[in-house]
Amino acid sequence: MSKVATILGAILGMIILILSMIDFNSGKILSAFFNWQGLLVVLGGTFAATLINYPLGQFGCFFKSIVKIFSQETASPQLAIEQIIDLSHIAQQKGVLGLEKEIDFIDDKFLRFGITNLMIYRDEKSLRLSLEQSLNAMRMRHLTCQDVFNNMASYAPAFGMMGTVMGLIMMMTTQVAQDAVVVDGQGQDMLGALLQGMGLALVTTFYGVLFSNFLFIPTAGKLKVLSDAEVLKNQILIEGIIGLKHEESPIMLREMLMVFVNDLTKQRLDQSMH
Amino acid sequence: MSKVATILGAILGMIILILSMIDFNSGKILSAFFNWQGLLVVLGGTFAATLINYPLGQFGCFFKSIVKIFSQETASPQLAIEQIIDLSHIAQQKGVLGLEKEIDFIDDKFLRFGITNLMIYRDEKSLRLSLEQSLNAMRMRHLTCQDVFNNMASYAPAFGMMGTVMGLIMMMTTQVAQDAVVVDGQGQDMLGALLQGMGLALVTTFYGVLFSNFLFIPTAGKLKVLSDAEVLKNQILIEGIIGLKHEESPIMLREMLMVFVNDLTKQRLDQSMH
Amino acid sequence: MSKVATILGAILGMIILILSMIDFNSGKILSAFFNWQGLLVVLGGTFAATLINYPLGQFGCFFKSIVKIFSQETASPQLAIEQIIDLSHIAQQKGVLGLEKEIDFIDDKFLRFGITNLMIYRDEKSLRLSLEQSLNAMRMRHLTCQDVFNNMASYAPAFGMMGTVMGLIMMMTTQVAQDAVVVDGQGQDMLGALLQGMGLALVTTFYGVLFSNFLFIPTAGKLKVLSDAEVLKNQILIEGIIGLKHEESPIMLREMLMVFVNDLTKQRLDQSMH
Amino acid sequence: MSKVATILGAILGMIILILSMIDFNSGKILSAFFNWQGLLVVLGGTFAATLINYPLGQFGCFFKSIVKIFSQETASPQLAIEQIIDLSHIAQQKGVLGLEKEIDFIDDKFLRFGITNLMIYRDEKSLRLSLEQSLNAMRMRHLTCQDVFNNMASYAPAFGMMGTVMGLIMMMTTQVAQDAVVVDGQGQDMLGALLQGMGLALVTTFYGVLFSNFLFIPTAGKLKVLSDAEVLKNQILIEGIIGLKHEESPIMLREMLMVFVNDLTKQRLDQSMH
Amino acid sequence: MSKVATILGAILGMIILILSMIDFNSGKILSAFFNWQGLLVVLGGTFAATLINYPLGQFGCFFKSIVKIFSQETASPQLAIEQIIDLSHIAQQKGVLGLEKEIDFIDDKFLRFGITNLMIYRDEKSLRLSLEQSLNAMRMRHLTCQDVFNNMASYAPAFGMMGTVMGLIMMMTTQVAQDAVVVDGQGQDMLGALLQGMGLALVTTFYGVLFSNFLFIPTAGKLKVLSDAEVLKNQILIEGIIGLKHEESPIMLREMLMVFVNDLTKQRLDQSMH
């Protein structure tokens with residue numbers, strides 16, 4: 001139910017955003033909230049800084065990640081335990097080497113890699129090292145992708161604030177000065193123009209906070225959740241594969257792997273076993 | 001006395017909040033502090049961003065945690081030591097295997113799990129590894145729940161600030177401009193309207209800071225306190241179970257486990273022992 | 001000279017604070033700096049949030065700590081080394097078991113605990129483990145107490161800011177609006193009232209920054225200094241007790257323990273030895 | 001494709017910056033954005049503080065790093081694996097000592113250092129220690145260079161803010177006061193002058209945010225990316241050199257080293273092998 | 001060239017600061033930047049809070065550190081390697097025990113301590129442990145001194161901000177109110193007084209940012225650079241002394257220690273050896 005929450009959150013966010021942008025006096029969405037020049041400063045600046053910061057390949061994970069958080073489910077530790085126990089039944093009947101024929105039927109990429117390594121490495125230490133190095137390298141790759149979003153989350157409000165400062169400078173040094181010349185003596189008009197100028201200048205701050213808190217931070221957070229779940233699943237698989245190496249019984253393996261999951265999953269596993 | 005403090009804190013906070021919202025000129029709570037549109041932006045935005053960030057299951061820990069901090073006591077290290085020493089008396093009389101009959105009478109889930117493992121694993125190393133992996137997995141699950149609140153604590157002021165910026169933009173570009181047209185020449189009215197608009201816009205900042213500092217941060221903090229106490233209790237239990245495995249005497253066990261507690265608990269333990 | 005600095009700092013701070021609160025036109029302390037409602041929001045809010053955050057027992061360390069930083073000296077590594085060397089002289093004459101009679105004459109609680117353990121545990125590994133677990137548990141207890149102050153240090157300015165926002169909302173939506181009605185056409189009065197309202201609203205920000213930077217942060221810092229010094233002293237004691245176990249000579253022990261102290265203490269030790 | 005992204009980002013940033021600085025009423029870049037005194041405060045202050053902070057040698061890495069991020073490609077793990085496998089083919093034919101003749105033909109400095117060490121150290125432990133110490137020392141040197149930029153990234157906005165505060169003080173205490181005397185009764189002119197003064201004062205804030213977010217932070221980020229890629233490459237080389245020491249077969253080496261890379265690189269390696 | 005950079009930076013900073021404080025209309029340094037009451041709040045408050053935070057002994061490192069960053073050179077890893085190699089030549093001729101006579105001719109305190117320990121400890125493990133504990137204790141002492149400056153760097157802007165808030169409260173509740181009474185109807189004068197009051201209030205913010213970014217942060221940074229260099233030098237010395245214990249040849253020692261230094265130092269070492 002991971003992508004459901006993300007889609008729900010995105011829709012809820014959109015509705016709230018639109019509702020807050022309606023001016024209830026006129027009943028219309030306020031046009032002041034759409035300012036292409038402001039959008040250019042904030043998003044353009046954020047992307048420019050991110051491009052300087054990361055190689056193209058790593059930058060590409062921006063688009064992949066947006067797709068990923070709306071489509072990928074969190075990895076299931078329950079499924080991992082069940083798969084390991086299925087394999088241990090086969091190993092009990094045909095021996096550990098009998099697992100070789102099963103490799104092609106395994107969907108999970110890490111488990112396939114692990115069973116292949118189980119065939120290759122003779123000693124447990126090398127097997128565990130290889131699996132853990134692989135898991136660690138995966139975690140590092142995930143982290144760099146989260147980093148892209150975390151960086152964008154801090155660039156966006158900075159450029160939003162910069163845009164507002166630029167808008168204020170522009171307004172204060174030109175517009176107002178001109179008004180002062182034209183409508184000499186009429187404080188009212190000048191203040192109105194001043195306020196309108198400030199309103200426009202503030203739009204970039206709004207964009208910066210919006211993109212940071214509705215897009216970049218939640219995406220980075222979701223990527224972390226997905227990564228953590230995958231790491232946990234793979235840790236269970238590593239312990240399971242080492243257990244297979246030791247030719248532990250399915251019951252013992254189940255006992256060993258259940259320490260990684262919460263009570264709910266334990267109950268579900270108990271039911272699915274019997 | 002853990003939930004007492006939380007309930008006390010919540011009541012105290014409520015009283016202070018209501019007192020500060022009273023306008024002493026009129027003697028009534030100021031209606032300006034209640035603004036449903038503002039509440040929608042701050043709470044709605046916070047929940048939307050949190051939903052994007054976490055799967056539904058993890059998001060569910062929001063409601064569970066609110067209940068938890070008002071109902072759950074911090075785990076008692078004293079009780080843990082007493083339980084271990086009771087078990088060690090039984091183990092001295094009937095042998096370690098005699099503990100198997102006691103499992104059903106143990107309330108503490110982790111201790112029950114530990115004594116079961118004591119029966120299952122023959123070597124100390126596997127026993128300790130299993131208990132520590134279980135403890136670590138529990139700590140990780142607690143951490144993800146604290147993370148939800150920590151994230152909300154940083155989303156809330158951000159959306160509060162965003163709401164204020166949106167309110168200012170709206171006010172500056174429409175309301176004031178209109179006023180300027182209608183009441184030409186009357187600076188007074190315009191300033192009044194401007195100030196009132198600002199006042200309304202600031203409400204979302206107030207909500208953001210309030211929810212963050214009265215709800216999200218203290219809840220995350222309390223969850224951490226509860227988790228830390230449970231981790232300490234379970235560490236004591238792990239050392240105690242390993243001690244049972246080694247068939248240490250009750251006196252030796254007490255000596256070994258007392259290093260984990262403060263002087264007050266030590267004295268209480270000394271009294272309850274004699 | 002640890003408490004001297006704290007007392008000096010507190011007095012210096014008081015003087016500076018009072019000097020800055022004097023209005024040099026009138027020569028009196030400005031009454032605007034005393035606002036009981038503002039104080040209630042900031043201190044009340046901070047305490048309420050802290051109560052939600054911590055169990056009563058842990059919250060109690062607030063008052064104990066305030067007393068502690070004005071009364072407790074930092075633990076002396078020099079004294080620890082001298083005590084260990086005194087004990088090693090006795091151990092050389094009467095054997096390690098001869099130290100048992102000395103236990104009652106030892107003031108330092110951790111050293112007494114350590115020498116008791118030296119009698120109890122036969123192997124070095126268990127002895128070291130017991131001492132280090134005890135030291136670690138102590139450090140954790142100190143940390144939770146520092147955490148209370150660190151949390152208050154971040155709550156106080158947040159509630160100070162919240163109070164200012166509340167004051168601005170109140171002022172802008174009621175007071176000024178009323179003034180606008182009453183004194184139509186007199187921009188002067190309105191601006192005066194507005195400024196005075198702002199001044200009052202800013203008082204809570206002042207309180208928040210003041211309590212955070214004069215009370216909570218320095219206290220947390222001082223507790224850390226005291227804790228670090230005690231941890232260092234206990235680390236020296238642990239190494240010393242292990243050395244006693246090994247029946248090292250006093251000269252060798254002195255050489256081993258001097259690596260933990262700075263040059264000044266080394267010189268003092270050299271003088272006190274000869 | 002690493003430097004391409006950096007160059008692209010720099011160009012994109014320039015274009016956006018210039019576009020945002022154009023005043024669309026007059027069609028010209030606003031002269032208010034260029035203020036040499038303001039630039040002096042921000043850049044001068046940042047460089048002065050950095051000079052106090054770092055020795056000249058370390059400060060020199062500022063200029064080297066700017067060149068580096070526009071010219072250096074990220075280290076390729078694929079190339080590292082291919083080089084190791086090439087060497088393992090040679091080692092299979094001529095023995096490990098036969099690699100000595102190859103040293104001069106190796107471009108990669110770390111690999112050359114590693115193969116030299118392979119000749120020098122007889123036991124694996126010393127070999128691995130030497131390589132890892134060298135890698136670690138390299139990482140530390142990279143970190144100090146990133147630190148220079150991270151420090152500048154926090155100095156720049158601080159001096160930008162300081163410049164604005166100084167500008168406001170100057171403006172408020174002199175300019176405006178003079179205006180008040182000269183144009184008594186004309187609120188309009190004074191407000192205009194005030195706004196213009198504020199606009200000028202804000203320029204340093206703009207510079208601070210701009211340099212921090214377009215120059216210092218992205219450069220520090222890019223240096224980290226380059227360093228991380230080089231560390232990964234060298235970790236692969238270390239494992240490969242240890243593998244050569246063990247006289248592993250090329251196929252086994254490939255299997256061992258592929259755990260460090262992502263799927264895309266794995267496929268490319270599979271293609272390049274066959 | 002470490003102190004040269006610090007002195008250069010300090011001079012450059014002074015020049016820039018003075019240039020920015022000149023009012024180019026009058027050509028004089030603006031007196032508004034000098035405000036003894038403001039300076040008292042910021043510096044006095046910072047010192048008072050620091051005194052509460054640290055014992056007198058540790059506080060004393062404030063003055064020592066200021067002197068240190070202008071006088072001490074960063075420790076040279078090159079010199080450390082050369083000294084070790086010189087000693088290894090002597091050890092080759094006269095045996096390791098022959099180094100005892102050299103102790104008095106060694107300038108470097110840590111090396112002298114290390115060679116003394118080389119005489120005292122027979123087994124490598126105790127020798128390494130003693131040296132590493134000593135290095136670690138030194139690093140901890142350096143860290144506490146950096147902590148003093150880091151704390152001051154965060155106290156200064158906080159008290160600067162507090163001073164500004166106090167100034168605003170004072171100005172808004174007294175001065176302006178009085179003006180409002182006196183010059184009824186003259187908005188101009190009141191605004192002028194208001195602005196001047198704000199200008200004065202802002203001076204403490206300026207002081208806070210200035211001291212933090214020109215004094216406290218760069219000093220803490222420089223102390224870290226000096227400490228890191230000394231730690232690296234001592235790590236080289238530790239490895240070298242262990243190498244002397246193993247009676248490694250000078251050539252082998254050089255090879256082992258060169259992994260710690262960069263290419264430039266390697267080349268310089270190669271030249272100085274031949």
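1. B:D263 forms a salt bridge with C:K109, with 2.3 Å between the closest N and O atoms; the term stands for a side-chain nitrogen of Lys or Arg within 4 Å of a carboxyl oxygen of Asp or Glu. Between chain B and chain C the count is one salt bridge.

2. As to the basis of these values, this is a predicted model, in which local features need pLDDT of at least 70 and side-chain atom pairs count only at pLDDT 80 or more, while totals for chains, interfaces and linings use all residues. Side-chain values use heavy atoms, with hydrogens and water left out, residues are numbered from 1 along each chain as its sequence is written, and chains are lettered from A in the order in which they are written.

3. The contact of chain B with chain C (heavy atoms within 4.5 Å) takes 53 residues from chain B and 47 residues from chain C. The area buried there is about 4,300 Å², of which carbon and sulfur atoms give 73%; buried area is the accessible area, taken with a 1.4 Å probe, that two parts lose on being put together, summed over both.

4. Four residue pairs are in polar contact across the interface of chain B and chain C, both residues being at pLDDT 80 or more. A polar contact is a pair of N or O atoms within 3.5 Å, where within protein one must be able to donate a hydrogen and the other to accept it, and residues adjacent in sequence count only if both atoms are side-chain atoms. On the side of chain B that touches chain C, the elements giving two or more residues are α1 (2–21), β1 (22–23), α8 (187–245) and α9 (250–257) of chain B; helices (H or I, at least four residues) and strands (E, at least two) are DSSP runs, numbered from the N terminus. Of these elements, α8(B) gives the most, with 22 residues.

5. The residues on that side of chain B divide into 33 nonpolar, 14 polar and six charged. In this division Ala, Val, Leu, Ile, Met, Phe, Trp, Tyr, Cys and Pro count as nonpolar, Asp, Glu, Lys and Arg as charged, and the others, Gly among them, as polar.

6. Turning to chain A and chain B, the contact takes 53 residues from chain A and 45 residues from chain B, and about 4,300 Å² is buried between them, 73% of it on carbon and sulfur atoms. The one salt bridge found across this interface joins the side chains of B:K109 and A:D263, at 2.3 Å from N to O.

7. Chain C and chain D do not touch, their nearest C-alpha atoms being 13 Å apart. Chain A and chain E do not touch either, with 13 Å between their nearest C-alpha atoms.

8. Over all chains the structure holds 64 aromatic pairs, where rings of Phe, Tyr and Trp (its six-membered ring) pair if their centres lie within 6.5 Å, and planes under 30 degrees apart count as stacked, over 60 as edge-to-face and the rest as tilted. One of them is the tilted pair of B:Y155 and B:F159, at 6.3 Å centre to centre and 40° between the planes. B:Y155 and B:F159 are separated by about one helical turn, because they are four residues apart in helix α7 (residues 124–182) of chain B.
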